[in-house]
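Please open the structure in the viewer and keep the selection panel at hand.

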Protein chains: 2
Amino acid sequence: MKTNTHCIPCFLRQANETLDRLEIDESRKRRILEKVSHKIFEIPFEKSPPHVAREVYKLIAALTGIKDPYKNEKAHANKLVLKLYPELKKRVQQAKDPFFEAVRLAAIGNIIDLGAKSTFNLDEELRNDLNTEFTIFDFELLRKKLETAKNILYIGDNTGEIVFDKILIEEIKKPVAFAVRGAPIINDATLEDALACGLDEVAEVISSGSDGPAAILDSCSEEFLKLYHKADLIISKGQGNFEELSEEDKPIFFIFKVKCQAVAKQLNCDVGDMMLSHKSHRKKSEA
Amino acid sequence: MKTNTHCIPCFLRQANETLDRLEIDESRKRRILEKVSHKIFEIPFEKSPPHVAREVYKLIAALTGIKDPYKNEKAHANKLVLKLYPELKKRVQQAKDPFFEAVRLAAIGNIIDLGAKSTFNLDEELRNDLNTEFTIFDFELLRKKLETAKNILYIGDNTGEIVFDKILIEEIKKPVAFAVRGAPIINDATLEDALACGLDEVAEVISSGSDGPAAILDSCSEEFLKLYHKADLIISKGQGNFEELSEEDKPIFFIFKVKCQAVAKQLNCDVGDMMLSHKSHRKKSEA
C-alpha cells in the first residue's frame with residue numbers, strides 16, 4: 001500500500017505523541033516536528049506508510065538520542081497480557097472451536113498499538129469484541145491451508161499482543177517461525193519481548209531484521225527473507241504489516257484491526273473492524 | 001490560547017479534508033500540503049490556533065482558486081436546522097425553564113463543525129446530549145449578568161448552528177448584536193447565512209470582519225471592535241472563538257463543545273464535553 005496524503009497528519013500525530021513521552025519542551029518539540037515534516041515530504045509516497053514511519057521514528061531517535069521511548073510501556077503490555085494468559089487459554093480450551101476462538105483473540109490482541117492510538121483499553125476490547133464479527137473472515141480458507149502447510153511463518157506485531165499470538169500458535173499444532181522486529185520501534189515486539197513472553201516455547205523465534213513498524217522487506221535480514229520466500233503459509237499480524245505486504249503475491253493471511261481511515265477506505269470498511277483476510281481483500285476473490 | 005504542537009497534525013488533517021472536497025488528485029494534494037506544512041512552521045506559535053488555521057485556509061484558496069469549498073455543505077446545514085426550528089422552538093417553549101433549554105440547545109448546535117470533524121450526526125447528538133450535563137456550567141451567572149446587561153454581543157460560529165443561536169437570542173428578550181465571519185472559511189456562518197436563517201429578525205446582524213475561523217481580533221473590523229469593547233456581556237460560540245478569546249479580560253461566556261485534546265487538556269475535561277464557561281475556566285474562580 002502506498003502512503004497517501006491522509007497519512008501525513010498521522011505521522012505528525014505519532015511524532016507528537018512520542019515526543020510527549022520524552023517530556024521535551026514545546027519549543028524543542030516544534031523544531032523537531034519541523035524537521036520531521038520536511039523528512040516526510042522528502043520520501044516518495046510510492047513507499048508504504050511503515051516505510052515513512054520508520055524514517056520519522058529514526059529521525060526522532062537521532063535528534064533526541066532516545067532510541068526506545070516506549071520501553072516501559074512495552075514491558076507493561078507484556079506483563080499485562082501474560083497475567084491474562086491462563087484466563088485466555090481457558091477460554092480457548094473451553095470453546096466449541098478452540099482454533100476459531102484463538103484466531104478471534106489474536107485479532108482482538110491487535111488493539112495494543114501505541115502508534116495508531118496513544119492508549120488502549122484491553123479489558124473493554126475483550127468484552128466488546130467477543131460479541132463482534134470479523135468484517136472479512138477467510139477463516140475456513142485459513143483452516144484448510146493450515147492442514148497442508150509445511151513452512152509456516154507468523155509475523156508478529158506488538159508487545160502484549162504476542163501473548164495472544166502464542167495462544168494461536170499453540171492451536172496451530174505445527175512448527176511455526178515467529179518473526180519480530182529487528183530493533184525497537186513504537187511498542188512493537190522485538191526478540192527481547194518474544195523471549196519475555198515465552199514465544200520460544202511454541203515457535204522458532206527470529207528477527208525480521210527490519211527496524212520499521214512492519215516487516216519492511218527491503219530492510220529485512222536474509223534469514224527472514226529466506227523463510228518468507230519459502231513459506232507456504234504466512235500469518236501477518238497488524239495493520240503495519242498489512243500496509244507493507246498487502247500487494248505481495250504470497251500466501252498471506254492478514255489478521256488485524258483496522259486503525260485508520262486510509263486503510264478503511266482501501267478495504268471499504270470502518271475503523272475498528274476486525275480482519276482475517278487472505279492476501280488483500282482486493283485479491284480475495286482470486287484466493 | 002497559543003497554538004501547540006498537537007495543533008500541527010490537526011491543521012494538516014483539515015487541509016487534507018478541504019482538498020478532498022475539491023477533488024484534487026493525490027500528487028497535487030501532496031504538493032499543496034507541503035506548502036501548507038511550510039506555512040504552519042513560519043507562523044509564531046504565540047498566535048492562536050484560529051490564526052494559524054486562517055493562514056492554512058487562505059493558502060489553500062490561493063493555490064486552488066476556490067474560496068468557498070464548503071458552500072454547499074453550509075447551505076445544507078442551514079436548511080437542515082431551519083427545518084428543525086419548529087420542533088426545537090416547541091421544545092424550548094414547553095420546557096420548565098425555557099432559557100435553560102435554549103442554552104443547552106445552543107451548545108448542542110455547536111456540533112455542526114466541519115473543521116473539527118469531517119462529518120456530524122445532528123440527530124444522534126440531539127438525542128444524546130439532551131441527557132448529558134455541561135462540564136463547566138456558569139448558567140446562573142449568565143442569567144444574572146443578562147438581567148442588567150445593556151450591550152450584548154453574540155459571536156456566532158457555524159452555519160446551521162446559527163438557527164440554535166436564533167432560538168437562544170429569542171429567549172434573551174433583549175437587543176443583541178450578532179456577529180458572523182467576514183468571509184467564507186470552513187463551514188462558518190457569514191452575513192449571507194445569517195440572513196438566510198433569519199437572524200436579522202431577532203438581532204442586529206454584523207460582520208466581525210475577520211476572515212479566520214474565529215473573531216481574530218487583529219483582523220476584525222472597527223465596527224465589530226467598537227461593539228466588542230463596549231459590550232457588557234459577550235456570548236461566544238464555538239471552540240475557535242474560545243481559542244482566540246479565552247485570555248481576553250472581557251465579560252465573555254463561552255458556549256461550545258470541546259473538540260480536541262489540546263483544548264480538553266487546557267480545561268481539564270474530555271473531548272465532547274459541553275461548556276458554558278465565564279471567561280476561561282482558569283479564570284472562573286475570579287468571576
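Begin by selecting chain B together with chain A: 16 residues of chain B are in contact with 16 residues of chain A, two residues being in contact if their C-beta atoms, placed from the backbone, lie within 7 Å. This is a predicted model, in which local features need pLDDT of at least 70 and side-chain atom pairs count only at pLDDT 80 or more, while totals for chains, interfaces and linings use all residues. Residues are numbered from 1 along each chain as its sequence is written, and chains are lettered from A and ligands numbered from 1 in the order in which they are written.

Next, highlight helix 1 (7–21) and helix 2 (26–42) of chain B, each of which supplies at least two residues of the side that touches chain A. Helices (H or I, at least four residues) and strands (E, at least two) are DSSP runs, numbered from the N terminus. Helix 2 of chain B provides the largest share of that side, seven residues. By class, the side of chain B that touches chain A has six nonpolar, five polar and five charged residues; Ala, Val, Leu, Ile, Met, Phe, Trp, Tyr, Cys and Pro count as nonpolar, Asp, Glu, Lys and Arg as charged, and the others, Gly among them, as polar.

How are the two chains related? A rotation of 180° with 0.0 Å of shift along its axis superposes chain B on chain A (RMSD 0.0 Å), by least squares on the C-alpha atoms of residues with pLDDT of at least 70 in both. That is the relation of a two-fold axis. The same surface serves both copies, as 100% of the contact residues of chain B recur in chain A. Now select P9(B), the residue of chain B that comes closest to the rotation axis, at 2.1 Å (C-alpha).

Remain in chain B and display its strands. Seven of them form an open sheet in the order 1-7-6-5-2-3-4, with mixed pairing; two strands pair if DSSP finds at least two bridges between them. Strand 1 (134–137) and strand 4 (204–207) of chain B stand at the edges, each with a single partner strand, so one side of each is left without a neighbour in the sheet. Three bridges join strand 1 of chain B to strand 7 (residues 274–278) of chain B, and the two run parallel. Select F134(B) to see M274(B), in strand 7 of chain B, standing opposite.

Finally, turn to chain A, whose domain assignment, automatic or from a database, gives domain 1 (7–64) and domain 2 (71–286). Their C-alpha centres lie 25 Å apart.
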